[in-house]
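Good morning, and thank you for the time on today's agenda. I would like to take the group through one structure, from its domains to its chain interface and its charged pairs.

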Amino acid sequence: MSDGEILRVERLSMRFGGIRALHDVSLGVKCHSITALIGPNGAGKTTLFNCLTGFYRASGGRILFEARGRSTDVLQVLGGPFRAGDFLSPRRFASRLWYKLFGGTHLVNRAGLARTFQNIRLFREMSVLENLLVAQHLWVERGLLAGILNTRGFRRAEEQALEHAFYWLEAVDLVDCANRLAGELSYGQQRRLEIARAMCTRPQLLCLDEPAAGLNPAETAALSRIIRTLRDAHEVTVLLIEHDMGLVMGISDHILVLDHGELIAEGPPAAIRHDPKVIAAYLGADEEELA
Amino acid sequence: MAEPSLDIRQPLLDSLLAGLIALVVFGPIVGVVLDGYSFHLESSRVAWIVGAVMLGRFLLSLFLHSAGGRGWLQRLEGGGAGVQVLPPEHRSHLRWLLPLVLLAAVVFPFFAGKYLLTVVILGLIYVLLGLGLNIVVGLAGLLDLGYVAFYAIGAYGLALGYEYLGLGFWSVLPLAALMAALAGALLGFPVLRMHGDYLAIVTLGFGEIIRLVLNNWLSFTGGPNGMSVPAPTFLGLEFGRRARDGGVPFHEFFGIAYNPNLKFLFIYVVLLLTVLLVLYVKGRLVRMPIGRAWEALREDEIACRAMGLNHVLVKLSAFMLGASTAGLAGVFFASYQGFVNPTSFTFFESALILAIVVLGGMGSTLGVVLAAFMLTVAPELLRSFADYRVLLFGMLMVLMMIWRPRGLIRISRRGFARRPGVAP
């Protein structure tokens with residue numbers, strides 16, 4: 001992994017039966033940057049996202065994620081299939097078996113990567129605050145006895161979690177909705193709550209899947225302010241998929257363009273804006289024009 | 001409404017329609033009386049019935065069209081729809097009820113006869129079962145149709161433990177909870193990766209397997225003949241008139257008159273304490289991270305995984321805790337009956353417990369307690385309707401699904417006071 005990169009993807013490919021959704025995608029995401037992933041519909045953006053966040057197990061390639069002072073191999077923690085080498089080394093066999101039994105998507109999050117969803121997935125019948133408390137599951141006192149006896153340590157941990165939750169509610173301007181059901185909030189509020197919830201897991205890389213979809217221009221402007229604050233004040237690296245070009249060009253440091261499952265261009269916004277390949281992918285072009 | 005006065009036309013129309021239907025339904029049945037080979041008409045009886053139906057429908061319709069009735073109807077339809085978040089400083093209006101209920105529970109055995117005592121014990125056993133299943137179905141959202149298996153493990157744990165290991169009530173009580181939890185873990189770990197319908201089918205199968213094993217392993221469990229269960233003891237003192245092996249029975253030791261109900265009184269007291277303990281634990285669990293994780297899992301499993309929660313372990317913990325509660329209930333059931341056999345652990349029992357949870361409201365503690373008593377005590381009071389019990393259940397369920405799909409008691413969530421902000 002080269003210097004200053006939080007995420008490194010090497011020759012990633014993903015197949016669904018005969019369909020090749022991703023083919024040999026290699027990319028890197030720099031620390032403390034805002035990186036956007038764009039491309040026409042069906043280009044494989046969400047598939048790539050799901051591979052990175054551990055919801056799909058990629059069919060080939062490697063995803064290395066460097067955060068919280070350690071390096072995580074996303075495909076390994078998902079519990080990949082046994083290989084011939086595993087049966088020769090007991091240690092490798094044990095680790096493979098461990099990840100098969102107890103591994104999964106949650107380990108990717110625990111490694112420091114949080115995500116939001118294209119179609120909002122909140123805990124709709126729980127209050128806004130409870131949504132944020134669930135996200136802090138790993139930072140509170142989880143002992144059964146401590147909780148049942150309501151010990152001092154338990155109460156202190158809960159209090160800290162509540163304070164952290166209120167901190168993020170203020171950051172996304174939802175304090176007044178703290179005691180409402182998440183499902184009752186307006187669409188824009190739900191989008192912001194999802195970001196706050198993802199941030200409550202204390203990630204170092206935040207993946208946003210179309211955060212501005214369905215927002216009006218004012219809300220989009222507020223969103224881009226929030227994303228910038230995340231990067232500047234909280235030292236979070238942001239990777240986002242977005243169709244709103246105004247937002248993408250305005251906030252991102254680096255843009256990756258995906259088309260037909262392949263990375264066709266990458267670079268700063270100014271370069272991407274004039275890249276003939278990107279324009280062709282979005283607007284369509286004749287074969288000979290491209291050549 | 002545009003007109004403030006009562007609209008009389010609609011109630012009249014409703015009443016006329018109801019009268020017509022009543023005429024069609026009751027006319028041939030009540031009005032035509034066979035008399036040998038001929039028949040005679042009893043028009044006055046029909047007129048009475050139809051008149052009563054029309055009057056009733058008219059009054060009902062009139063009430064529902066009045067302002068009060070409309071409000072009532074709206075509450076009925078809208079009230080059960082959702083979940084509410086209580087304000088942080090909320091205190092229930094019914095707080096005074098709790099000590100009263102506790103007092104009643106303490107005073108009750110002094111006045112109750114044996115029959116009433118056993119009915120209440122049965123009710124409390126189902127409260128325990130309902131609370132346990134409420135964790136699995138109501139909180140974690142895992143449909144478990146074989147819950148009775150864990151109940152059977154508890155009951156047979158006591159019977160078999162006494163038969164082969166000489167264990168008594170007190171040593172089996174915690175052991176049964178552990179064993180049931182272990183059985184829950186063994187069943188749960190491979191199958192909890194499935195969701196919804198598949199899980200329901202697997203648990204249904206598990207419940208039947210346990211029952212069939214108990215039924216067919218004649219040499220070990222006694223098969224359909226069942227097994228006898230020892231009466232519980234208090235610090236080694238027995239509750240019979242004469243103690244075995246030259247021991248001193250309870251009443252002689254304390255110098256009180258012999259009371260044949262002593263065994264049930266004792267079970268009642270221990271069971272009541274256990275139910276109170278489980279109620280307390282349940283109340284704490286929903287305020288703890290694990291309880292929040294269960295509910296989050298019920299709401300959205302994928303989001304849970306994205307939050308770093310290991311969904312299999314979270315489900316497993318719900319499954320194990322629910323199972324251990326059923327194990328406890330099983331021990332009480334066995335010692336209350338003094339005998340166990342597999343017919344007590346059929347699928348109908350699972351369905352009954354599930355009905356308690358659904359009727360009470362998924363995740364609502366108070367609702368489950370009320371529903372458990374309703375579904376166990378009501379059939380006792382209505383002995384003459386015993387044949388129609390299941391029919392009544394069915395009708396009750398249909399009515400519930402129409403008007404109160406979320407259960408009897410509206411679910412309310414805890415609100416949190418605002419903490420001083422540390423805005424970025």
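Predicted model: local features only at pLDDT ≥ 70, side-chain atom pairs only at ≥ 80, totals over all residues.

Let us take chain A. The domain assignment divides chain A into domain 1, made of 3-111 + 202-288, and domain 2, covering 122-200. The C-alpha centres of these two domains of chain A are 27 Å apart. To their contact, domain 1 of chain A contributes 18 residues and domain 2 of chain A contributes 16 residues.

What do the two domains of chain A bury between them? The figure is about 1,400 Å², with 69% of it on carbon and sulfur atoms. On the side of domain 1 of chain A, the residues that lose the most area to domain 2 of chain A are A:Arg202, A:Ile226 and A:His234, which together account for 42% of what that side buries. Between domain 1 of chain A and domain 2 of chain A there are zero salt bridges, while five residue pairs are in polar contact, both residues being at pLDDT 80 or more. Two elements of chain A, β7 (205-209) and α9 (217-234), each supply at least two residues of the side of domain 1 of chain A that touches domain 2 of chain A. The largest share of that side, five residues, comes from α9(A). By class, the side of domain 1 of chain A that touches domain 2 of chain A has ten nonpolar, two polar and six charged residues.

Chain B contains 17 helices and six strands, and 47% of its 424 residues are buried. Its C-alpha atoms fill a box of roughly 85 × 80 × 45 Å along the principal axes. The domain assignment of chain B gives domain 1 (9-67) and domain 2 (97-409), and the C-alpha centres of those two domains of chain B lie 46 Å apart.

Now to the contact between the chains. Chain A brings 49 residues to this contact and chain B brings 40 residues. Together, chain A and chain B bury about 4,200 Å², 63% of it on carbon and sulfur atoms. On the chain A side, A:Glu125, A:Ile148 and A:Asn179 supply 15% of the area buried against chain B, more than any other three residues.

Between chain A and chain B there are 14 residue pairs in polar contact, both residues at pLDDT 80 or more. Which helix gives the most to the side of chain A that touches chain B? That is α7(A), with nine residues. The side of chain A that touches chain B consists of 22 nonpolar, eleven polar and 16 charged residues.

One helix of chain A deserves a separate remark. Eight of the eight residues of α5(A) are buried, so this helix is largely enclosed by the rest of the structure. Among them are A:Val128, A:Glu130 and A:Asn131. The buried residues of α5(A) pack against α7 and α8 (187-200) of chain A, and also against α12 (289-299) and β6 (412-413) of chain B.

Finally, the charged pairs. Side chains of opposite charge can pair when their charged atoms come close. Over all chains, the search finds 20 salt bridges, and the count between chain A and chain B is three.

A:Arg121 and B:Asp300 form a salt bridge through their side chains, at 3.0 Å, N to O. A:Glu158 and B:Arg292 are also joined by a salt bridge, at 3.0 Å, N to O. This pair crosses between chains, from helix α7 of chain A to helix α12 of chain B. Is A:Glu158 buried or exposed? A:Glu158 is buried, with a relative accessible area of 11%, and B:Arg292 is buried as well, with a relative accessible area of 3%.

Within chain B, the side chains of B:Arg413 and B:Glu295 meet in a salt bridge at 3.0 Å, N to O. This pair links distant parts of the chain, strand β6 and helix α12 of chain B, 118 residues apart. Both B:Arg413 and B:Glu295 are buried. Salt bridges that share partners join A:Glu130, B:Glu295, B:Arg298, B:Glu299 and B:Arg413 into one network.

Thank you for your attention.

Technical notes. Residues numbered from 1 in each chain as written. Chains lettered and ligands numbered in written order. Heavy atoms only, no water. Domains from an automatic or database assignment. Contact = heavy atoms within 4.5 Å. Buried area = accessible area lost by both parts, 1.4 Å probe. Salt bridge = Lys/Arg side-chain N within 4 Å of Asp/Glu carboxyl O. Polar contact = N/O pair within 3.5 Å; in protein donor to acceptor, adjacent residues only side chain to side chain. Helix = DSSP H or I, 4+ residues; strand = E, 2+ residues; numbered from the N terminus. Nonpolar A, V, L, I, M, F, W, Y, C, P; charged D, E, K, R; others polar. Buried < 20%, exposed > 50% of the residue type's maximum accessible area, 1.4 Å probe, protein only.
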